[in-house]
Amino acid sequence: MRSTKARRDILNIFQNEDVPLSADYIYELLNGEYDKSTIYRNLKNFEKNGKLRSIVFSDKITYFYKGSGHFHFIYCVRCKKFERFNLCYSETISKFITDTLGYEVLGHTLYFEGICKNCQEEMKK
Ligand SMILES: [Zn+2]
Ligand SMILES: [Zn+2]
């Protein structure tokens, strides 16, 4: 069935990408095989059943990414690329949340916005 294939194709993309992806990007990656609303609906469903998470940046684009645990992203507001990094200071914050608010912390997402090296070079020209 076509809808099953769409689901599988979209999930496959996330097997190989560990950075957040927009619906538009996935649309292009799949060469327009599915229309954007199909892709968006599938992404929303994956989010609902916990396969994917989403974040929205200041440019109002929704990005989807997979998994659980901790995520640290730096986002270039100019070329809209992400990179992941691993440095983490969350122990202190997690302990604070557990001790003062009583939550069991399951994970966190930390993201920064900035301008990447490439874009900085481009802007000098
Ligand atoms: Zn950039
Ligand atoms: Zn972390």
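Reader: Why does Lys36 count as partly exposed?

Author: Its relative accessibility is 44%. Buried means under 20% relative accessible area and exposed over 50%, with partly exposed in between (1.4 Å probe, protein chains only), so Lys36 counts as partly exposed. This is a predicted model, where local features need pLDDT of at least 70, side-chain atom pairs count only at pLDDT 80 or more, and totals for chains, interfaces and linings use all residues. Residues are numbered from 1 along each chain as its sequence is written, chains are lettered from A and ligands numbered from 1 in the order in which they are written, and side-chain values use heavy atoms, leaving out hydrogens and water.

Reader: What makes Asp24 and Lys36 a salt bridge?

Author: The closest N and O atoms of Asp24 and Lys36 are 3.5 Å apart. A salt bridge is a side-chain nitrogen of Lys or Arg within 4 Å of a carboxyl oxygen of Asp or Glu, so the pair qualifies. It links distant parts of the chain, with Asp24 in helix α2 (residues 23-29) and Lys36 in helix α3, twelve residues apart. Helices (H or I, at least four residues) and strands (E, at least two) are DSSP runs, numbered from the N terminus. Asp24 is partly exposed, at 42% relative accessible area.

Reader: What else does the charged end of Lys36 do?

Author: It sits over the ring of Tyr27, 4.9 Å from the ring centre. The term requires NZ of Lys or CZ of Arg within 6 Å of the ring centre and within 35 degrees of the ring normal.

Reader: How many salt bridges does the structure hold, and which residues share partners?

Author: The structure holds seven. Among them is Lys44 with Glu47, the closest N and O atoms being 3.2 Å apart. These two are three residues apart in helix α3, so about one helical turn separates them. Asp99 and Lys95 also form a salt bridge, at 2.7 Å between the closest N and O atoms. They are four residues apart in helix α4 (residues 90-101), again about one helical turn. Asp99, at 52% relative accessibility, counts as exposed, and Lys95 counts as exposed at 54%. Salt bridges that share partners join Lys5, Asp9 and Glu33 into one network.

Reader: Why is the pair of Tyr40 and Phe64 called edge-to-face?

Author: A search of the whole structure finds nine aromatic pairs. Rings of Phe, Tyr and Trp (its six-membered ring) pair if their centres lie within 6.5 Å; planes under 30 degrees apart count as stacked, over 60 as edge-to-face and the rest as tilted. The centres of Tyr40 and Phe64 are 6.1 Å apart and the planes stand at 80°, so the pair is edge-to-face. Tyr40 lies in helix α3 (residues 36-48) and Phe64 in strand β3, so the pair ties together parts 24 residues apart in sequence. Phe64 is buried at 0% relative accessibility.

Reader: What makes the pair of Tyr75 and Phe82 tilted?

Author: Their ring centres are 4.7 Å apart and their planes at 35°, so the pair is tilted. Tyr75 counts as buried at 1% relative accessibility, and Phe82 is buried at 10%.
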